[in-house]
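Hi,

Here is the structure I promised to send over. Have a look at it first, then read on for what turned up.

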Amino acid sequence: MIPAGSLLVAEDLHKSYGRTTALDGASFSIHPGEVVAVLGPSGSGKSTLLHCLAGIVPPESGTVRYAGRDLTALTDRERSALRRTEFGFVFQFGQLVPELTCTENVALPLRLAGVRRRAAEATAAQWLERLEVAGIGGQRPGEVSGGQGQRVAVARALVTSPRVVFADEPTGALDSYSGERVMELLTEAARTTNAAVVLVTHEPRVAAYSDREIVVRDGRTRDPDYAL
Ligand SMILES: Nc1ncnc2c1ncn2[C@@H]1O[C@H](COP(=O)(O)OP(=O)(O)OP(=O)(O)O)[C@@H](O)[C@H]1O
């Protein structure tokens, strides 16, 4: 049964890398505005699940439907357009462009969507303020702390008002205080924009910011709200 009103639904995903089975029948669903934590031991398939849900990695079998569209049936071009316009991403190490200032990094997704520089940077500045790092807009990623860099990455993920934010261990490289603050700011910003958040983590303390948890073990998911 597919939960009613789901924004993103995956059913029975399988994916292997050579002889390693990464996903072995994983299913998932998320509603608009919901924050779902994907928990599980190292190597259990959490990142692979996130990559399949976001259309970055194609599953060998199974389906991923976003807003009623079958992601696996789209062309590469259609999938990347969808990722740019509907999804936002935060990874463990920010992955900011080192040559650009923090403001330019946050403005980048808007620039790629065709927004003019001045307007894009004005919106980026508002997001930096919202993430409480307004003062570092002119600095480059190498000149700011890990926690500040992750706030910039969160601002960049949210600047296009995506419907889903994929966060893969977003606090994995931070101390617990910075990590908690990044999680507070990420979930608060997602709630105000009604973005759904798929949060991959192995830390229960980080998962505590979610509305619901699913556990991945040996490539299989356990989601009490999802019954196939
Ligand atoms: N690109 C790849 N090439 C080869 N094997 C891979 C690749 N990506 C993942 N794997 C393997 O697939 C399995 C699942 O990996 P995945 O990264 O999804 O797990 P994870 O739960 O996110 O792990 P971690 O918590 O350590 O990040 C692991 O055995 C991993 O080694």
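Let's start with the largest pocket: 16 residues line it, and Arg84, Phe87, Phe89, Pro109 and Leu112 are the ones nearest its centre. (On a 1 Å grid over the protein atoms alone, a pocket is an open set of points with protein on both sides within 12 Å along at least five of seven lines, and lining residues have an atom within 4 Å of a point.) Helix 2 (76-86), strand 6 (87-90), helix 3 (102-112) and helix 5 (146-158) each give two or more residues to that lining, with helix 2 giving the most, four residues. (Helices, H or I with at least four residues, and strands, E with at least two, are DSSP runs numbered from the N terminus.)

A quick note on the model: it is predicted, so to speak of local features we need pLDDT of at least 70, side-chain atom pairs count only at pLDDT 80 or more, and totals for chains, interfaces and linings use all residues. Residues are numbered from 1 along each chain as its sequence is written, and side-chain values use heavy atoms, with hydrogens and water left out.

Which atoms of Gly43 and the ligand are 2.8 Å apart? They are a polar backbone atom of Gly43 and an oxygen atom of the ligand. Ser44 has a backbone N or O atom 3.1 Å from a ligand oxygen, and for a backbone N or O atom of Gly45 the distance to a ligand oxygen is 3.1 Å. (Polar contacts are pairs of N or O atoms within 3.5 Å.)

Cheers

Terms used
A polar contact is a pair of N or O atoms within 3.5 Å; within protein, one must be able to donate a hydrogen and the other to accept it, and residues adjacent in sequence count only if both atoms are side-chain atoms. On a 1 Å grid over the protein atoms alone, a cavity is a set of points where a 1.4 Å probe fits but cannot get out, and a pocket is an open set with protein on both sides within 12 Å along at least five of seven lines; lining residues have an atom within 4 Å of a point.
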